[in-house]
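Hello,

Here is the structure I promised to pass on. My notes follow it.

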Amino acid sequence: MELKEHIIIGGAEWCAFPNLNIPAIKARVDSGAKTSSIHASNIQKINKKGEKWVSFEVHPIQDTRRITLRCEAKVIAQRIVKSSSGISEKRYVIQSLMKIGNYQWSIELTLANRDSMGFCMLLGREAMENRVFVDPANSFLLGNYSEEKIDELYQHIKDIRSGLRIGVLASNPKLYSNQRIMEAGKERGHEMIFLNVDQCYMKLDSTNPEVRYRGGSSLNNLDAIIPRIKPNLTFYSCALIRQFDSLGIFCANSWESISKSRDKLYSSQLFSQNGIQIPITGFAKSPLDTSDLINMVKGAPLVIKLLEGTQGKGVVLAENTKAAESVINAFKSLHANILVQEFIKEAAGKDIRCFVIDGKVVASIQREAVKGEFRANLHQGGKASVIKITAEEKKLAVKAAKVLGLHIAGVDIIRSNRGPLVLEVNSSPGLEGIEKATGKDIAALMITSIERQLGWQRELIIRLPENEIILQETH
Ligand code: ADP
């Protein structure tokens, strides 16, 4: 190895990928990573004369999604890569000529659709081997670009169709799910607006109805709303969603479907009326009928659920009749609405969460309760793992979401001796457990569902330097 053959690069450098039509992209030099990666979104497999290719989008300029490039490359492999957060994901590997300063050589790149630690590109060890030395204390040793130069390099590329204006109607902007939905929408070129339920207010007026946000700005010009509603805000949020709906703004889940899903008794009635199997369930207002209620659900052990409970908080297992009677009567004396339900012992503390979008199960996980606990909720310490569900379970999940009218739903299923049973359907299903366990980009699927419902298609026009125009339509 002769030192003179090596070039010295800093901790970050500008690169170009002529074959991918990328004139400039900032690479973070990451000698801790073996392979290099590029942050790609909307990755689609394509077949080119029998060869496997991928088409993907890149936002080459960090911190701005102003510029979107659609690139195509031949797939040379698929590889399991462990990301910095420890999640393994299967990635496409492509090969491309990389230019850096006055040098160029061919490197392998994995297409990272999520984890790039905020960088557009990471340059790993393999691509640097026997060619470069890194001087981590410095950056852009092979040249830096001014903002004007970047504009010049990218002036031939213009996104002619602007994105949608999508409001995420929720409470906590820091929640993983809300962050992911915001991120996925921006990634696809939409304007994402976080709307705190508490800060929205409305004007009911037959000629000029409105929804406004704290400070007085109008929300009437949104294209769509993604409701992510906390249970205790269901009433007000549903009123807001009704108002948005009357303004012609598309809501990812309607207010009717949300309020049905939030009422465990009503949704259980809808399930049984529509032939959807659920655990045998009893409900009574008066404490006088407690013992017959217990008999109706085949006696103890049985499960008692607060009608308004979530995340397993209001769910109690009564091991014997005496315990059942006392818990039921105690709840009733507090005027709490409760359901009494047959205990599905054979489920052994496991349940299945199916994430349904537009009539399709897009991901499913099994949740398993910690030892000594029967509730599988992740909030109760349950562990998530990937599971392949049966065709019958898929059908059941899709039907349960349909009966409530939900476009987006988390359907909880429990496996019993008499087949799968629906436990409940959640209209604001969490993304963290299911995305982390399956590695799937569920947030992006939620955004594409909205695009589909609104008939929106992304159009990118790319003017090459020679004035050749390529119009690309992507879905
Ligand atoms: P929540 O809406 O609070 O999550 P669920 O009805 O989904 O309430 O119940 C929470 C958990 O308790 C379920 O995920 C499941 O693991 C367990 N569970 C609920 N009902 C039953 C039942 N009838 N038999 C056995 N386990 C149950």
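In this predicted model, 23 residues of domain 2 are in contact with 23 residues of domain 4, where contact means heavy atoms within 4.5 Å. About 1900 Å² is buried between domain 2 and domain 4, and carbon and sulfur atoms give 63% of that area. Buried area is the accessible area (1.4 Å probe) that two parts lose on being put together, summed over both. The centres of domain 2 and domain 4, taken over C-alpha atoms, are 24 Å apart.

The chain is divided into domain 1 (7–153), domain 2 (165–259), domain 3 (280–343) and domain 4 (346–454). These bounds come from an automatic or database domain assignment.

Now the ligand. It lies between domain 3 (280–343) and domain 4 (346–454), because both give residues to the shell around it. That shell has 21 residues, and Lys305, Gly312, Asp351, Asn377 and Glu424 are the closest. A residue counts as near if one of its heavy atoms lies within 4 Å.

Taken alone the ligand exposes 550 Å², and the protein buries 98% of that. Those areas come from the Shrake-Rupley method with a 1.4 Å probe.

On reading the model: residues are numbered from 1 along each chain as its sequence is written, and side-chain values use heavy atoms, leaving out hydrogens and water. Local features need pLDDT of at least 70 and side-chain atom pairs count only at pLDDT 80 or more, while totals for chains, interfaces and linings use all residues.

Best wishes
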